[in-house]
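Open the model in your viewer and keep the selection panel at hand.

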Number of protein chains: 2
Amino acid sequence: MVDDGGAAVAAIDSPIITSAHKVAIAGLGLIGGSLARRLVERGRFVVAWNHNDGPYEAARAAGMRTVDSLEALAQEKPDVLVLATPLTAIPDVLKRLRPVLLPTTTLTDVGSVKGPVRAQVKDAGLIRQYVGAHPMTGNEFSGFEASSSTLFGDALWALCVEDSTEMSRFLTVADMITQGLRNRFICIDDSTHDRSAALISHMPHVVATALAALLSVAPDRDIAAALSAGSWRDMTRVALTDPARTEAMVVEDAKYVADLLQVLSTKLSGVATSLSSVAQDKREIPADFPEIRSFFESAQPYRNYKKNQARSAASAEESPLTTITLTDQQWQKELLQSARQGQQIVRLISTHEFQVTSAPSW
Amino acid sequence: MVDDGGAAVAAIDSPIITSAHKVAIAGLGLIGGSLARRLVERGRFVVAWNHNDGPYEAARAAGMRTVDSLEALAQEKPDVLVLATPLTAIPDVLKRLRPVLLPTTTLTDVGSVKGPVRAQVKDAGLIRQYVGAHPMTGNEFSGFEASSSTLFGDALWALCVEDSTEMSRFLTVADMITQGLRNRFICIDDSTHDRSAALISHMPHVVATALAALLSVAPDRDIAAALSAGSWRDMTRVALTDPARTEAMVVEDAKYVADLLQVLSTKLSGVATSLSSVAQDKREIPADFPEIRSFFESAQPYRNYKKNQARSAASAEESPLTTITLTDQQWQKELLQSARQGQQIVRLISTHEFQVTSAPSW
């Protein structure tokens, strides 16, 4: 242990817990339910609470213990308590947990934005126990009835820490992910997470919704819908998600999503302008349109990356594992650096040594 | 037969061929190859030409006859000749076919835009024999080695006719689709096709490419790519298509794609503006944002449509079939009307009576 504030305090008044044997889940929706099922299947003890007892019978049949209040959930003395409620419910849930959550319980969440949740946890005075998390899985369905342990079959998680995060808290959640779920994770800071999530998920959800809205008002929408095939189906699938859930996700990550939408809007408008001038001299086709050519070429790094990814997936079951070693002083930055290099953590060897996979190159 | 120009001429100098026993395919790429495989499997005679003989050995092993020139292909006296080359090659192929195509052969194509191809066929003087077609199938791969008869397993085709199209030509291609492939079709005009295809395919291809390009230049692209899950994978899948093929498709349908991109760009920029003002007063979350709420609600008709579609797919193997009857005078308009009602033609009962499915409602 070094002498920075957080770690020193941790050494004094909270035991070093690095295994998550007993996991409490607040919220048995698609994600909370699937997470709970997977943990039970992998032999962990799961106790769950939901805002109504609709899923309780099925949850008990699946091997979970259910309790009737958030207070009772905290009093179960879980190693980890996972907030899996809708984002909009988190402030209220935190208010109720504050007086009852034991200091030995590590608090985490599965919300799709991390900066705002951390701010709410800070407001609730629970930041010392907190490590933010975001499993990169889901689908367009909702509710415990849609939950399945296979949703977490090969999920990658983002764990979000800041400089004051206690390493023992981080290790507890990391244990839940790697041993409890046999999932992988990367460890980054909130803003890197929220900016990246805006790019690869939140902003695309808005785009999918905008496409579905365009079809909804098209004069020949029956014909267009009939003609739609795989490309349309795939590009609008997430527009079928419960719009309230998507709205909450996008609103919580508003700044990054807004920035990206503006960039995308400008890019699409530029292509529209180039295409309009092509349409003017239609008789010239086939011909060369350098602006349009360079637009299509601008996605080439991604095509190469996917090709390399497919190649490495085909060449071996598992990519070769390497080991990273962390220091007590800089472990957060070392983990961020590891993530930037495309590494993913698959196993904890010890508290300071992790096995990581490496990413395909771009 | 009525006394309009086209039909009268048809009655005089071209026999009424309504079955496509022998099908010639020009171009053994993903689409041409898959089409050929499916026709062979369903017992039709297929003769194929490709701009190089790379796929010939595999094509012959799959039961096709191969010929070494377009001239030889035409001289095989096929009932239908399908242009399945890249769009950019069509003008040249037509020039070579013009002097050799027999009047008894119906000419069709599988290009993803129909107005420009019709113009090229007119320029080549082959319009009397022509019915445009577009099978709504494909994937991000290319070439005969990627072809499979399952690509045409349950495909819907758009057949494109205009007022002067000869009914016998239309029936020949319709036979290839319904009996030769066990596929379905709708019959519309070129501009309805090209506008609809821009909406549900060509414009989304541009959007997918723009998304992939954004990730390609993101500072934390390794982290963002690692965090990407189903929504990103699905929304960028078609960006992996051969960009030259996508570019040709988009350029040929430039006007409609440009219009839609401009509408989408404005819509996304509007959402960006709303989200920026949300980001300003972040402390108000959770709160109500009417503009953002109404944006997400604007896709509700599409969500309802998909729900109805899934419900009718779950309730029965096949939706109940009804029969439509065509007149000699107005058959093109009657078929367009049928398509506008969401009907799809699955079987020809006779030359003027078709079995149709009905669409789920919005």
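A crossing is right-handed if the near helix is turned clockwise from the far one by less than a right angle, and left-handed if anticlockwise. Helices are DSSP runs (H or I, at least four residues), numbered from the N terminus. This is a predicted model: local features need pLDDT of at least 70, side-chain atom pairs count only at pLDDT 80 or more, and totals for chains, interfaces and linings use all residues. Residues are numbered from 1 along each chain as its sequence is written, chains are lettered from A and ligands numbered from 1 in the order in which they are written, and side-chain values use heavy atoms, with hydrogens and water left out.

**Stop 1: a helix pair.** Select residues 90-97 (α5) and 115-123 (α6) of chain A. Their axes (lines fitted to C-alpha atoms over the stretch in contact, angles 0 to 180 degrees between N-to-C directions) come within 9 Å and cross at roughly 30°. That makes α5(A) roughly parallel to α6(A) (angles under 35 degrees). The crossing is right-handed.

Now show side chains. A:I90, A:P91 and A:L94 meet A:V117, A:Q120 and A:V121 (contact: heavy atoms within 4.5 Å).

**Stop 2: both chains.** A rotation of 180° with 0.0 Å of shift along its axis superposes chain A on chain B, RMSD 0.0 Å (least squares on C-alpha atoms of residues with pLDDT of at least 70 in both). The two copies are thus related as by a two-fold rotation axis.

**Stop 3: a covered helix.** Select α11, residues 243-252 of chain B. Seven of its ten residues are buried (under 20% relative accessible area, 1.4 Å probe, protein chains only). Among them are B:M249 and B:V250. The buried residues of α11(B) pack against helices of both chains, including α12 (254-280) of chain A and α8 (190-216) of chain B.

Technical notes: Helix = DSSP H or I, 4+ residues; strand = E, 2+ residues; numbered from the N terminus. Parallel < 35°, antiparallel > 145°, perpendicular 65-115°, else oblique. Buried < 20%, exposed > 50% of the residue type's maximum accessible area, 1.4 Å probe, protein only.
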